[in-house]
Amino acid sequence: MATDGTKGVVTLVCLTCGKEKYFTNDVPAAATCEQCGGTVFRTFTTPTEPDEAAIDALESQARSISYGDSSPDSTQGDARDLDLI
Ligand SMILES: [Zn+2]
């Protein structure tokens, strides 16, 4: 997956009936409201990069712990640093 860059959830709110549609990354150029068939939407973008980064960090730590049996000391040090913050 080569989706580096800004990630976020895009919310399209139908101006006619207020129904919300959610898209991640790929937003269609022309969306149609499933409820009323309207094609005019208000767009909101909610960045999720902090959460993604946090998840990536956790996954990286999990991998380093499972694969890094040779350096348990550094892993414990990292955990203490996080607790202090
Ligand atoms: Zn609608």
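**Glu 20 and its place in the sheet**

The model you are looking at is a predicted one. Glu 20 sits in strand E2, which covers residues 20–24. Strand E1, made of residues 8–14, pairs with E2 in the antiparallel sense, and 5 bridges link the two.

Now widen the view to the sheet. E1 and E2 belong to an open sheet of 3 strands, ordered E2-E1-E3, with antiparallel pairing. E2 and strand E3 (41–47) are at the edges, and each has a single partner strand, so one side of each has no neighbour in the sheet. On average, neighbouring strands here are turned by 20 degrees against each other, direction ignored. As a reminder, strands of a sheet pair through backbone hydrogen bonds, either parallel or antiparallel.

Back to Glu 20 and its surroundings. Leaving aside residues up to four places away in sequence, Glu 20 touches Thr 11 and Val 13. Is Glu 20 buried or partly exposed? Glu 20 is partly exposed, because 13 other C-beta atoms lie within 10 Å, while a buried residue needs 20 or more. Thr 43 is 23 residues away from Glu 20 along the chain, and their C-alpha atoms are 9.7 Å apart.

Finally, step back to the whole chain. It holds 2 helices and 3 strands, and from the N terminus the elements follow the order β-β-β-α-α. Of the 85 residues in the chain, 4% are buried. Among the contacts with a separation of 6 or more, 45% join residues 24 or more positions apart.

Definitions and conventions. Residues are numbered from 1 along each chain as its sequence is written. This is a predicted model: local features need pLDDT of at least 70, side-chain atom pairs count only at pLDDT 80 or more; totals for chains, interfaces and linings use all residues. Helices (H or I, at least four residues) and strands (E, at least two) are DSSP runs, numbered from the N terminus. A residue is buried if 20 or more other C-beta atoms lie within 10 Å of its own, exposed if 12 or fewer, and partly exposed in between; C-beta atoms are placed from the backbone. Two residues are in contact if their C-beta atoms, placed from the backbone, lie within 7 Å. Two strands pair if DSSP finds at least two bridges between them. Axes are lines fitted to C-alpha atoms, for helices over the stretch in contact, and angles run from 0 to 180 degrees between N-to-C directions.
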